[in-house]
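Subject: Structure for your files

Hello,

Here is the structure I said I would pass on. My notes follow below it.

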Amino acid sequence: GAVLVTFCLLTNGRTQVERAQRNEGNYISLSEYDQVALGMSYDQVAEILGDSGELQSQVEENGTEFSSYLWRGRAGARIQISFMNNAVTSKTQYGLS
């Protein structure tokens, strides 16, 4: 249980750093946002959006992990995606075209 979760988080951290370095200066688009579906994993979302995003919050409660990430676009546009146990539960976008 806990050891596996910790290992996944550490692995995810390395992946996020590598992806952020690879895609520096990338901007998200509405078409990429539309490809993100409920139930997708964080890694699937990050691959679609071309960036690791910014972790906004992460909480573990009774063995369930909740996290929220923000991706930024041009001119203040952004995507907010929430995950439960590494699966998309909601997504919102502001200002994408």
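How many bridges join β2 to β3, and in which sense do the two run? Seven bridges join them, and the strands run antiparallel. Before the rest, some ground rules: this is a predicted model, in which local features need pLDDT of at least 70 and side-chain atom pairs count only at pLDDT 80 or more, while totals for chains, interfaces and linings use all residues. Residues are numbered from 1 along each chain as its sequence is written, and side-chain values use heavy atoms, with hydrogens and water left out.

Strands and hairpins

Helices (H or I, at least four residues) and strands (E, at least two) are DSSP runs numbered from the N terminus; two strands pair if DSSP finds at least two bridges between them. Ser68 has Ser82 in β3 as its bridge partner. The hairpin of β2 and β3 has five residues between the strands, and Ala75 there takes a positive phi near 50°.

Leu55 stands opposite Tyr69 of β2. Two residues separate β1 from β2 in their hairpin, where Asn62 in the turn has a positive phi of about 50°.

Seven of the nine residues of β2 are buried (under 20% relative accessible area; exposed is over 50%, partly exposed in between; 1.4 Å probe, protein chains only).

Leu96

Leu96 is in the segment after β4 (87–94). Leu96 counts as buried because its relative accessibility is 12%. Leaving aside neighbours within four places in sequence, Leu96 is in contact (heavy atoms within 4.5 Å) with Ile28, Ser29, Leu30, Tyr33, Ala77 and Ile79. Its C-alpha atom is 7.0 Å from that of Arg78, 18 residues apart along the chain.

Val59

Val59 lies in strand β1. With a relative accessible area of 44%, Val59 is partly exposed.

Regards
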